[in-house]
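Have your viewer open and your selection tool ready. This short tour goes from one selection to the next.

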Amino acid sequence: MSVRHSLLALLSEGPKYGFQLRQEFEASTGDVWPLNVGQVYTTLQRLERDGYAESDDIDADERQRNYRITSKGNEELSHWLRTPPDLSEPPRDELVIKILVASRLPEVNVHDVIQVHRRYLVQVMQQWTHLKEDEASLDLAFALAVDAELFRLDSVVRWLDSADGRLRRANVSEVPNESSGLPSNQKKTGVAQ
Amino acid sequence: MSILELRRVSKVYGEGTTEVDALTDIDLAVEQGSLVGVMGPSGSGKSTLLSIAGSLEEPTRGEVVILGKSLSGASRNDKARLRRRTVGYVFQDFNLLAGLTALENVSMPLELDGVAMKRARVTAMQALEQLGLAERADHFPDQLSGGERQRVAIARAVVGERRLLLADEPSGALDSLNGESVMRMILAACHRGVAAVVVTHDATLASWADRVVFLRDGKAVDETLPPPSPEQFLGQPSRGPSS
(Lines give C-alpha, C1' and ligand atoms only; values in the text may rest on other atoms or scores of the structure.)
Protein backbone atom coordinates (compact mmCIF):
# COMPACT_ATOMS: atom_id res chain seq x y z
CA MET A 1 0.00 0.00 0.00
CA SER A 2 1.64 3.26 -1.08
CA VAL A 3 0.76 5.88 1.53
CA ARG A 4 2.50 8.51 -0.56
CA HIS A 5 0.43 7.95 -3.68
CA SER A 6 -2.80 7.44 -1.78
CA LEU A 7 -2.31 10.87 -0.21
CA LEU A 8 -1.54 12.41 -3.60
CA ALA A 9 -4.75 10.83 -4.91
CA LEU A 10 -6.76 12.37 -2.07
CA LEU A 11 -5.13 15.74 -2.69
CA SER A 12 -5.88 15.53 -6.41
CA GLU A 13 -9.56 15.90 -5.43
CA GLY A 14 -8.82 19.33 -3.94
CA PRO A 15 -6.95 21.02 -1.06
CA LYS A 16 -7.32 19.30 2.31
CA TYR A 17 -6.22 19.71 5.91
CA GLY A 18 -3.78 17.26 7.45
CA PHE A 19 -6.29 15.75 9.86
CA GLN A 20 -8.84 15.46 7.05
CA LEU A 21 -6.33 13.59 4.89
CA ARG A 22 -5.65 11.22 7.76
CA GLN A 23 -9.37 10.54 8.23
CA GLU A 24 -10.04 10.02 4.53
CA PHE A 25 -6.96 7.86 4.19
CA GLU A 26 -8.10 5.60 7.03
CA ALA A 27 -11.60 5.38 5.57
CA SER A 28 -10.33 4.55 2.08
CA THR A 29 -8.31 1.54 3.18
CA GLY A 30 -11.11 0.11 5.30
CA ASP A 31 -9.98 -2.51 7.73
CA VAL A 32 -8.21 -4.55 5.14
CA TRP A 33 -4.70 -3.17 5.57
CA PRO A 34 -3.98 -2.00 9.10
CA LEU A 35 -1.72 1.07 8.95
CA ASN A 36 0.28 3.25 11.21
CA VAL A 37 -1.57 6.58 11.10
CA GLY A 38 1.54 8.48 12.21
CA GLN A 39 2.90 7.60 8.77
CA VAL A 40 0.35 9.91 7.19
CA TYR A 41 1.91 13.05 8.73
CA THR A 42 5.52 12.08 8.08
CA THR A 43 4.60 11.26 4.48
CA LEU A 44 2.92 14.67 4.09
CA GLN A 45 6.13 16.33 5.26
CA ARG A 46 8.09 14.40 2.65
CA LEU A 47 5.62 15.19 -0.12
CA GLU A 48 6.03 18.86 0.69
CA ARG A 49 9.82 18.60 0.87
CA ASP A 50 9.94 16.86 -2.53
CA GLY A 51 7.65 19.43 -4.16
CA TYR A 52 4.65 17.12 -4.76
CA ALA A 53 2.43 19.06 -2.34
CA GLU A 54 2.49 22.56 -0.83
CA SER A 55 0.84 24.55 1.91
CA ASP A 56 0.85 28.23 2.94
CA ASP A 57 0.43 28.05 6.69
CA ILE A 58 3.91 26.82 7.48
CA ASP A 59 3.66 27.68 11.17
CA ALA A 60 0.72 25.37 11.90
CA ASP A 61 1.39 21.70 12.68
CA GLU A 62 0.66 19.08 10.02
CA ARG A 63 -2.85 18.41 11.33
CA GLN A 64 -4.00 22.00 10.90
CA ARG A 65 -2.19 22.76 7.67
CA ASN A 66 -4.07 23.01 4.40
CA TYR A 67 -2.30 21.04 1.66
CA ARG A 68 -2.72 21.14 -2.10
CA ILE A 69 -1.17 19.06 -4.84
CA THR A 70 1.40 20.64 -7.19
CA SER A 71 1.65 19.98 -10.94
CA LYS A 72 4.71 17.85 -10.20
CA GLY A 73 2.54 15.90 -7.73
CA ASN A 74 -0.14 15.40 -10.38
CA GLU A 75 2.43 14.12 -12.86
CA GLU A 76 3.86 11.75 -10.28
CA LEU A 77 0.39 10.41 -9.46
CA SER A 78 -0.46 9.90 -13.12
CA HIS A 79 2.86 8.15 -13.75
CA TRP A 80 2.44 5.87 -10.72
CA LEU A 81 -1.12 4.84 -11.68
CA ARG A 82 0.04 3.67 -15.09
CA THR A 83 3.24 1.93 -14.04
CA PRO A 84 2.64 -1.81 -13.60
CA PRO A 85 4.16 -3.18 -10.41
CA ASP A 86 6.97 -5.65 -11.06
CA LEU A 87 5.37 -9.09 -11.02
CA SER A 88 7.92 -10.74 -13.29
CA GLU A 89 9.84 -12.40 -10.46
CA PRO A 90 7.89 -15.10 -8.60
CA PRO A 91 7.68 -14.34 -4.88
CA ARG A 92 9.35 -16.79 -2.51
CA ASP A 93 6.28 -18.77 -1.55
CA GLU A 94 6.50 -20.67 1.70
CA LEU A 95 3.52 -22.87 0.92
CA VAL A 96 4.98 -23.96 -2.42
CA ILE A 97 8.23 -24.81 -0.66
CA LYS A 98 6.38 -26.86 1.99
CA ILE A 99 4.60 -28.92 -0.65
CA LEU A 100 7.79 -29.43 -2.66
CA VAL A 101 9.57 -30.62 0.48
CA ALA A 102 6.65 -32.86 1.52
CA SER A 103 6.56 -34.45 -1.92
CA ARG A 104 10.14 -35.67 -1.50
CA LEU A 105 9.86 -37.15 1.99
CA PRO A 106 8.89 -40.83 1.77
CA GLU A 107 7.39 -40.97 5.28
CA VAL A 108 5.11 -37.97 4.66
CA ASN A 109 1.80 -38.27 2.79
CA VAL A 110 1.93 -35.15 0.67
CA HIS A 111 -1.81 -35.33 -0.06
CA ASP A 112 -2.58 -35.05 3.64
CA VAL A 113 -0.25 -32.06 3.89
CA ILE A 114 -2.03 -30.48 0.91
CA GLN A 115 -5.41 -31.03 2.54
CA VAL A 116 -4.32 -29.34 5.79
CA HIS A 117 -3.40 -26.23 3.81
CA ARG A 118 -6.46 -26.44 1.57
CA ARG A 119 -8.76 -26.56 4.58
CA TYR A 120 -7.00 -23.63 6.20
CA LEU A 121 -7.24 -21.53 3.02
CA VAL A 122 -10.94 -22.30 2.54
CA GLN A 123 -11.56 -21.29 6.15
CA VAL A 124 -9.82 -17.96 5.61
CA MET A 125 -11.85 -17.50 2.42
CA GLN A 126 -15.06 -18.21 4.34
CA GLN A 127 -14.13 -15.41 6.73
CA TRP A 128 -13.50 -12.90 3.94
CA THR A 129 -16.67 -13.93 2.11
CA HIS A 130 -18.67 -13.55 5.30
CA LEU A 131 -17.53 -9.92 5.48
CA LYS A 132 -19.15 -9.11 2.15
CA GLU A 133 -22.35 -11.04 2.82
CA ASP A 134 -24.46 -7.96 3.55
CA GLU A 135 -24.53 -6.44 0.07
CA ALA A 136 -26.66 -3.43 1.03
CA SER A 137 -24.09 -2.03 3.46
CA LEU A 138 -21.04 -3.13 1.49
CA ASP A 139 -18.50 -0.35 0.98
CA LEU A 140 -17.24 -0.38 -2.61
CA ALA A 141 -13.53 0.05 -1.78
CA PHE A 142 -13.79 -2.64 0.85
CA ALA A 143 -15.56 -5.02 -1.56
CA LEU A 144 -12.82 -4.51 -4.16
CA ALA A 145 -10.10 -5.23 -1.60
CA VAL A 146 -11.92 -8.31 -0.27
CA ASP A 147 -12.39 -9.62 -3.83
CA ALA A 148 -8.66 -9.18 -4.46
CA GLU A 149 -7.86 -11.19 -1.36
CA LEU A 150 -10.38 -13.90 -2.29
CA PHE A 151 -8.96 -14.24 -5.80
CA ARG A 152 -5.46 -14.50 -4.36
CA LEU A 153 -6.47 -17.22 -1.89
CA ASP A 154 -8.52 -19.01 -4.55
CA SER A 155 -5.50 -19.16 -6.81
CA VAL A 156 -3.54 -20.84 -4.02
CA VAL A 157 -6.30 -23.44 -3.51
CA ARG A 158 -6.34 -24.07 -7.25
CA TRP A 159 -2.59 -24.57 -7.23
CA LEU A 160 -2.98 -27.07 -4.35
CA ASP A 161 -5.70 -28.92 -6.29
CA SER A 162 -3.55 -29.10 -9.35
CA ALA A 163 -0.48 -30.17 -7.32
CA ASP A 164 -2.62 -32.85 -5.64
CA GLY A 165 -3.71 -34.23 -9.01
CA ARG A 166 -0.28 -33.99 -10.58
CA LEU A 167 1.37 -35.82 -7.67
CA ARG A 168 -1.30 -38.53 -7.75
CA ARG A 169 -0.75 -39.07 -11.43
CA ALA A 170 2.99 -39.21 -10.94
CA ASN A 171 2.65 -41.65 -8.04
CA VAL A 172 0.26 -44.12 -9.68
CA SER A 173 3.07 -46.13 -11.23
CA GLU A 174 5.36 -45.87 -8.20
CA VAL A 175 3.05 -46.48 -5.23
CA PRO A 176 0.10 -48.71 -6.09
CA ASN A 177 -1.31 -48.82 -2.52
CA GLU A 178 -1.37 -45.17 -1.87
CA SER A 179 -2.92 -44.27 1.46
CA SER A 180 -5.70 -41.74 1.55
CA GLY A 181 -5.78 -41.51 5.33
CA LEU A 182 -5.89 -38.06 6.84
CA PRO A 183 -5.30 -36.73 10.32
CA SER A 184 -9.05 -36.54 10.64
CA ASN A 185 -11.43 -38.51 12.80
CA GLN A 186 -13.58 -39.32 9.82
CA LYS A 187 -11.72 -42.30 8.51
CA LYS A 188 -13.72 -45.37 7.78
CA THR A 189 -13.90 -47.32 11.01
CA GLY A 190 -16.00 -50.34 10.17
CA VAL A 191 -18.53 -51.95 7.90
CA ALA A 192 -21.73 -50.10 7.09
CA GLN A 193 -24.76 -51.16 9.05
CA MET B 1 -33.47 -29.65 13.17
CA SER B 2 -31.74 -31.63 10.46
CA ILE B 3 -33.51 -31.29 7.14
CA LEU B 4 -31.20 -33.82 5.49
CA GLU B 5 -29.20 -36.64 7.01
CA LEU B 6 -26.99 -39.11 5.24
CA ARG B 7 -26.15 -42.06 7.50
CA ARG B 8 -23.19 -44.18 6.45
CA VAL B 9 -24.20 -43.85 2.83
CA SER B 10 -22.21 -45.86 0.29
CA LYS B 11 -22.68 -46.22 -3.43
CA VAL B 12 -21.09 -48.92 -5.55
CA TYR B 13 -21.39 -48.91 -9.33
CA GLY B 14 -20.82 -52.05 -11.38
CA GLU B 15 -20.15 -55.57 -10.16
CA GLY B 16 -17.22 -57.88 -9.56
CA THR B 17 -14.06 -56.76 -11.28
CA THR B 18 -15.69 -53.59 -12.61
CA GLU B 19 -16.94 -52.56 -9.17
CA VAL B 20 -16.28 -48.91 -8.32
CA ASP B 21 -16.82 -47.38 -4.88
CA ALA B 22 -18.32 -44.02 -5.75
CA LEU B 23 -19.14 -43.16 -2.12
CA THR B 24 -18.03 -44.82 1.10
CA ASP B 25 -19.67 -44.38 4.48
CA ILE B 26 -20.74 -40.77 4.16
CA ASP B 27 -22.25 -39.19 7.25
CA LEU B 28 -23.68 -35.74 6.72
CA ALA B 29 -26.32 -33.71 8.54
CA VAL B 30 -27.65 -30.44 7.13
CA GLU B 31 -29.59 -28.27 9.55
CA GLN B 32 -32.46 -25.95 8.73
CA GLY B 33 -31.12 -22.63 7.43
CA SER B 34 -27.58 -23.87 6.92
CA LEU B 35 -25.51 -23.95 3.76
CA VAL B 36 -23.09 -26.84 3.46
CA GLY B 37 -20.44 -26.88 0.75
CA VAL B 38 -19.02 -30.14 -0.56
CA MET B 39 -15.67 -29.71 -2.27
CA GLY B 40 -13.68 -32.23 -4.20
CA PRO B 41 -12.05 -32.85 -7.55
CA SER B 42 -13.83 -34.43 -10.53
CA GLY B 43 -14.68 -38.03 -9.80
CA SER B 44 -14.57 -37.60 -6.02
CA GLY B 45 -18.27 -38.50 -5.70
CA LYS B 46 -19.75 -35.01 -5.31
CA SER B 47 -22.52 -35.40 -7.87
CA THR B 48 -23.34 -38.94 -6.70
CA LEU B 49 -23.69 -37.61 -3.17
CA LEU B 50 -26.11 -34.96 -4.38
CA SER B 51 -28.18 -37.41 -6.47
CA ILE B 52 -28.53 -39.74 -3.49
CA ALA B 53 -29.37 -36.87 -1.12
CA GLY B 54 -32.14 -35.80 -3.51
CA SER B 55 -33.42 -39.40 -3.96
CA LEU B 56 -32.59 -39.33 -7.66
CA GLU B 57 -30.42 -42.39 -6.98
CA GLU B 58 -30.51 -45.16 -4.37
CA PRO B 59 -27.58 -45.72 -2.04
CA THR B 60 -26.07 -49.22 -2.10
CA ARG B 61 -25.82 -49.13 1.67
CA GLY B 62 -26.81 -46.68 4.36
CA GLU B 63 -29.77 -44.42 4.80
CA VAL B 64 -31.04 -41.03 3.62
CA VAL B 65 -33.32 -39.19 6.04
CA ILE B 66 -35.22 -36.10 4.89
CA LEU B 67 -37.28 -34.11 7.44
CA GLY B 68 -36.87 -36.95 9.93
CA LYS B 69 -38.23 -39.61 7.53
CA SER B 70 -36.04 -42.36 6.20
CA LEU B 71 -36.26 -42.88 2.46
CA SER B 72 -35.26 -46.53 2.86
CA GLY B 73 -38.82 -47.80 3.25
CA ALA B 74 -40.49 -45.10 1.19
CA SER B 75 -42.53 -46.07 -1.86
CA ARG B 76 -41.71 -44.79 -5.30
CA ASN B 77 -44.69 -42.44 -5.10
CA ASP B 78 -43.60 -41.06 -1.72
CA LYS B 79 -40.18 -40.32 -3.12
CA ALA B 80 -41.61 -38.68 -6.21
CA ARG B 81 -43.79 -36.49 -4.01
CA LEU B 82 -40.80 -35.59 -1.88
CA ARG B 83 -38.83 -34.58 -4.98
CA ARG B 84 -41.69 -32.41 -6.21
CA ARG B 85 -42.59 -30.81 -2.93
CA THR B 86 -39.59 -30.65 -0.61
CA VAL B 87 -36.41 -30.78 -2.65
CA GLY B 88 -35.20 -28.24 -5.20
CA TYR B 89 -32.34 -28.94 -7.62
CA VAL B 90 -29.99 -26.56 -9.37
CA PHE B 91 -27.63 -27.94 -11.98
CA GLN B 92 -24.61 -26.52 -13.72
CA ASP B 93 -26.37 -26.29 -17.07
CA PHE B 94 -29.58 -24.81 -15.59
CA ASN B 95 -31.85 -27.52 -17.11
CA LEU B 96 -34.65 -25.15 -18.04
CA LEU B 97 -37.22 -26.42 -20.52
CA ALA B 98 -36.66 -24.50 -23.73
CA GLY B 99 -40.31 -24.48 -24.79
CA LEU B 100 -41.57 -22.91 -21.57
CA THR B 101 -41.28 -19.29 -20.41
CA ALA B 102 -39.40 -18.38 -17.23
CA LEU B 103 -42.68 -18.25 -15.34
CA GLU B 104 -43.85 -21.61 -16.71
CA ASN B 105 -40.52 -23.21 -15.83
CA VAL B 106 -40.83 -22.01 -12.24
CA SER B 107 -44.49 -22.93 -11.80
CA MET B 108 -44.09 -26.38 -13.37
CA PRO B 109 -43.02 -28.26 -10.21
CA LEU B 110 -46.03 -26.83 -8.39
CA GLU B 111 -48.41 -27.76 -11.19
CA LEU B 112 -46.95 -31.27 -11.32
CA ASP B 113 -47.64 -31.45 -7.61
CA GLY B 114 -51.33 -30.75 -8.20
CA VAL B 115 -51.45 -27.05 -7.38
CA ALA B 116 -54.06 -25.31 -9.54
CA MET B 117 -52.43 -23.53 -12.47
CA LYS B 118 -53.56 -20.04 -11.49
CA ARG B 119 -52.29 -20.39 -7.95
CA ALA B 120 -49.06 -22.01 -9.11
CA ARG B 121 -48.40 -19.09 -11.46
CA VAL B 122 -48.96 -16.54 -8.68
CA THR B 123 -46.52 -18.36 -6.39
CA ALA B 124 -44.02 -18.73 -9.25
CA MET B 125 -44.30 -15.02 -10.01
CA GLN B 126 -43.48 -14.23 -6.37
CA ALA B 127 -40.38 -16.42 -6.57
CA LEU B 128 -39.27 -14.62 -9.75
CA GLU B 129 -39.93 -11.23 -8.14
CA GLN B 130 -37.76 -12.17 -5.16
CA LEU B 131 -34.88 -12.80 -7.55
CA GLY B 132 -35.46 -9.61 -9.52
CA LEU B 133 -36.81 -11.37 -12.60
CA ALA B 134 -40.42 -10.18 -12.68
CA GLU B 135 -40.02 -8.40 -16.01
CA ARG B 136 -38.43 -11.51 -17.55
CA ALA B 137 -41.32 -13.80 -16.61
CA ASP B 138 -42.61 -14.14 -20.19
CA HIS B 139 -39.22 -14.67 -21.78
CA PHE B 140 -38.09 -18.06 -23.04
CA PRO B 141 -34.74 -19.45 -21.83
CA ASP B 142 -32.95 -18.55 -25.09
CA GLN B 143 -34.01 -14.92 -24.59
CA LEU B 144 -32.30 -14.77 -21.19
CA SER B 145 -28.64 -14.27 -20.31
CA GLY B 146 -26.72 -17.05 -18.56
CA GLY B 147 -27.03 -15.27 -15.22
CA GLU B 148 -30.78 -14.81 -15.70
CA ARG B 149 -31.26 -18.45 -16.67
CA GLN B 150 -29.53 -19.56 -13.50
CA ARG B 151 -31.70 -17.20 -11.43
CA VAL B 152 -34.78 -18.77 -13.00
CA ALA B 153 -33.38 -22.21 -12.14
CA ILE B 154 -32.92 -21.10 -8.54
CA ALA B 155 -36.44 -19.65 -8.42
CA ARG B 156 -37.71 -23.00 -9.67
CA ALA B 157 -35.68 -24.83 -7.01
CA VAL B 158 -36.99 -22.76 -4.09
CA VAL B 159 -40.57 -22.09 -5.25
CA GLY B 160 -43.36 -23.11 -2.88
CA GLU B 161 -42.54 -24.74 0.44
CA ARG B 162 -39.27 -26.35 -0.50
CA ARG B 163 -37.04 -27.15 2.45
CA LEU B 164 -33.94 -28.56 0.83
CA LEU B 165 -31.94 -27.05 -2.01
CA LEU B 166 -29.35 -29.21 -3.76
CA ALA B 167 -26.99 -27.46 -6.16
CA ASP B 168 -24.36 -29.01 -8.40
CA GLU B 169 -21.76 -26.46 -9.55
CA PRO B 170 -24.52 -23.83 -9.60
CA SER B 171 -22.39 -21.05 -11.05
CA GLY B 172 -21.56 -23.22 -14.07
CA ALA B 173 -19.78 -21.16 -16.66
CA LEU B 174 -20.96 -17.83 -15.24
CA ASP B 175 -18.44 -15.07 -14.57
CA SER B 176 -17.40 -14.41 -11.01
CA LEU B 177 -19.93 -11.66 -10.24
CA ASN B 178 -22.84 -13.70 -11.62
CA GLY B 179 -21.50 -16.67 -9.65
CA GLU B 180 -21.54 -14.50 -6.55
CA SER B 181 -25.18 -13.50 -7.26
CA VAL B 182 -26.11 -17.17 -7.48
CA MET B 183 -24.52 -17.85 -4.09
CA ARG B 184 -26.24 -14.80 -2.59
CA MET B 185 -29.59 -16.18 -3.74
CA ILE B 186 -28.89 -19.58 -2.26
CA LEU B 187 -27.80 -17.91 0.97
CA ALA B 188 -30.98 -15.80 1.01
CA ALA B 189 -33.02 -19.01 0.71
CA CYS B 190 -31.05 -20.39 3.69
CA HIS B 191 -31.88 -17.27 5.69
CA ARG B 192 -35.55 -18.06 5.03
CA GLY B 193 -34.96 -21.50 6.58
CA VAL B 194 -34.08 -23.65 3.57
CA ALA B 195 -31.23 -26.12 4.06
CA ALA B 196 -28.80 -26.17 1.14
CA VAL B 197 -26.00 -28.36 -0.13
CA VAL B 198 -23.73 -26.95 -2.83
CA VAL B 199 -21.20 -29.26 -4.43
CA THR B 200 -18.35 -27.60 -6.27
CA HIS B 201 -14.66 -27.77 -7.01
CA ASP B 202 -14.52 -23.98 -6.70
CA ALA B 203 -13.22 -22.62 -3.37
CA THR B 204 -14.72 -19.18 -3.99
CA LEU B 205 -18.21 -20.68 -4.23
CA ALA B 206 -17.62 -23.03 -1.32
CA SER B 207 -16.50 -20.12 0.83
CA TRP B 208 -20.13 -18.92 1.00
CA ALA B 209 -21.00 -22.05 2.98
CA ASP B 210 -21.24 -22.25 6.76
CA ARG B 211 -19.35 -25.51 6.62
CA VAL B 212 -17.31 -27.16 3.89
CA VAL B 213 -16.88 -30.94 3.66
CA PHE B 214 -13.99 -32.23 1.55
CA LEU B 215 -14.54 -35.36 -0.54
CA ARG B 216 -11.78 -37.48 -1.93
CA ASP B 217 -12.26 -40.83 -3.68
CA GLY B 218 -15.82 -41.03 -2.38
CA LYS B 219 -14.89 -40.44 1.24
CA ALA B 220 -15.48 -37.40 3.43
CA VAL B 221 -11.89 -36.85 4.47
CA ASP B 222 -12.02 -33.51 6.21
CA GLU B 223 -14.15 -30.46 6.94
CA THR B 224 -13.72 -26.81 7.90
CA LEU B 225 -13.85 -25.69 11.51
CA PRO B 226 -16.55 -23.21 12.60
CA PRO B 227 -15.31 -19.71 11.71
CA PRO B 228 -14.42 -17.10 14.34
CA SER B 229 -16.47 -13.90 14.44
CA PRO B 230 -15.57 -11.17 11.89
CA GLU B 231 -14.13 -8.98 14.67
CA GLN B 232 -11.80 -11.73 15.77
CA PHE B 233 -10.89 -12.38 12.17
CA LEU B 234 -9.94 -8.84 11.15
CA GLY B 235 -8.24 -8.26 14.46
CA GLN B 236 -6.13 -11.36 14.03
CA PRO B 237 -5.87 -12.29 10.38
CA SER B 238 -3.61 -15.23 11.18
CA ARG B 239 -6.26 -17.04 13.19
CA GLY B 240 -7.09 -20.57 12.29
CA PRO B 241 -5.00 -23.70 12.16
CA SER B 242 -1.36 -22.82 11.67
CA SER B 243 0.15 -23.81 8.40
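A crossing of two helices is right-handed if the near helix is turned clockwise from the far one by less than a right angle, and left-handed if anticlockwise. Keep that in mind for the opening stop, and remember that you are looking at a predicted model.

Start by selecting helix H3 (residues 102–112) and helix H5 (residues 146–158) of chain B: their axes come within 8 Å and cross at roughly 25°. Angles under 35 degrees count as roughly parallel, so H3(B) is roughly parallel to H5(B). The crossing of H3(B) with H5(B) is right-handed.

Now show side chains. On H3(B), the contact uses Ala102(B), Asn105(B), Val106(B) and Pro109(B), and on H5(B) it uses Val152(B), Ala155(B) and Arg156(B). Of these contact residues, five are nonpolar, one is polar and one is charged.

Stay on H3(B) and pick out its buried residues, among them Leu103(B), Ser107(B) and Leu110(B). The buried residues of H3(B) pack against helix H2 (76–85), helix H4 (117–130) and H5 of chain B. After H3(B) comes Gly114(B), with a positive phi near 95°.

Next, the sheet. Select the six strands of chain B that form an open, mixed sheet in the order E6-E7-E8-E3-E9-E10. Its edges are strand E6 (87–90) and strand E10 (219–223) of chain B, and the twist averages 20° from one strand to the next. Zoom in on E6(B) and strand E7 (residues 164–168) of chain B, which run parallel and are joined by four bridges. There, Val90(B) stands opposite Ala167(B) of E7(B).

How values were computed: Residues are numbered from 1 along each chain as its sequence is written. Chains are lettered from A and ligands numbered from 1 in the order in which they are written. This is a predicted model: local features need pLDDT of at least 70, side-chain atom pairs count only at pLDDT 80 or more; totals for chains, interfaces and linings use all residues. Side-chain values use heavy atoms; hydrogens and water are left out. Axes are lines fitted to C-alpha atoms, for helices over the stretch in contact, and angles run from 0 to 180 degrees between N-to-C directions. Helices (H or I, at least four residues) and strands (E, at least two) are DSSP runs, numbered from the N terminus. Angles under 35 degrees count as roughly parallel, over 145 as roughly antiparallel, 65 to 115 as roughly perpendicular and the rest as oblique. Contact means heavy atoms within 4.5 Å. Ala, Val, Leu, Ile, Met, Phe, Trp, Tyr, Cys and Pro count as nonpolar, Asp, Glu, Lys and Arg as charged, and the others, Gly among them, as polar. Buried means under 20% relative accessible area, exposed over 50%, partly exposed in between (1.4 Å probe, protein chains only). Two strands pair if DSSP finds at least two bridges between them.
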